[in-house]
Amino acid sequence: MGPIAALDKKTGKKIWDTGSAEAGFSSPRLMKDGTKEYVLGFNAEGLLVVDANGGKKVDEYEWETQYQVNSATPIPSGDKIFISSGYGRGCALLRLENGKLKKVYENKEMRNHCNSSVLYKGHLYGFDGQQGARGSLKCMDFETGEVKWASPPAKIGSLMVADGKIIAMLEGGDLLIAEADPGAFKEI
């Protein structure tokens with residue numbers, strides 16, 4: 001994800017853009033906080049928050065990684081935004097207060113390389129590790145960053161949560177299904 005642009009959905013005409021920025025490879029994400037709407041972009045330099053109704057920059061949070069890769073999509077919830085990157089960088093929870101981003105926590109417990117974590121009932125479920133290497137599926141408290149559990153080391157991949165179950169496609173084609181329960185890792 002480099003610069004962010006808004007297009008007219010009927011004509012394709014550009015309404016606004018944020019100028020130039022080097023891509024970080026994540027997808028933009030809409031965030032609603034009360035009556036305000038923001039677009040979140042996670043580019044090579046870090047998190048960018050812009051007003052969805054005009055493209056004006058609200059704030060940015062520097063987040064450097066090796067190779068300038070920030071490919072996991074930011075996860076907003078209320079006035080908070082979770083970001084995570086691989087290459088040993090880690091994760092952070094930020095709060096947007098009065099137009100300014102403030103760090104709630106930062107740690108190396110969740111290092112999403114290519115695939116984003118999933119927020120489900122106040123907990124993040126995601127892979128901590130690099131594509132092409134072993135890592136673990138983890139459950140982390142969204143508000144505190146405390147790890148609730150980690151699976152045994154395995155190949156990593158992408159995941160979703162459906163009907164209270166984590167459904168993960170691992171590198172190499174193996175399918176993993178586990179309970180989306182912060183109490184313990186329970187593989188099905």
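These are my notes from looking through a predicted model of one chain.

**Ground rules.** I number residues from 1 along the chain as its sequence is written, and side-chain values use heavy atoms, without hydrogens and water. Because the model is predicted, local features need pLDDT of at least 70 and side-chain atom pairs pLDDT 80 or more, while totals for chains, interfaces and linings use all residues.

**Entry 1, overall.** I looked up the secondary structure and found zero helices and 18 strands (DSSP runs numbered from the N terminus: H or I of at least four residues for helices, E of at least two for strands). The radius of gyration is 17 Å, close to the 16 Å of the globule rule for 188 residues, so the chain is as compact as a globular protein of that length. I note that this radius is taken over C-alpha atoms, and that the rule is 2.2 Å times the number of residues to the power 0.38. The C-alpha trace spans about 45 × 35 × 30 Å along its principal axes.

I found 44% of the 188 residues buried (buried is under 20% relative accessible area, exposed over 50%, partly exposed in between, with a 1.4 Å probe and protein chains only).

Which residues have the most contacts inside the largest nonpolar core? They are Leu47, Val49, Tyr61, Ile81, Ile83, Leu94 and Leu101, in a core of 14 residues. A nonpolar core here is a set of buried Ala, Val, Leu, Ile, Met, Phe, Trp, Tyr and Cys residues joined through side-chain atoms within 4.5 Å. Strands 4 (36–42), 5 (46–51), 8 (80–85) and 9 (90–97) each supply at least two of its residues. I also noted a second, separate core of 12 residues, including Phe127 and Ile166. Leaving aside neighbours within four places in sequence, I list among the contacts of Leu101 (heavy atoms within 4.5 Å) Leu47, Val49, Asp59 and Arg95.

Beyond four places in sequence, its contacts include Ala72, Phe82, Gly126 and Phe127.

Most residues other than glycine have a negative phi. I found a positive phi of about 55° at Tyr87, in the loop between strand 8 and strand 9. Tyr87 is partly exposed, at 27% relative accessible area. Asn98 has a positive phi near 50° and lies in the loop between strand 9 and strand 10. Asn98 is exposed, at 81%.
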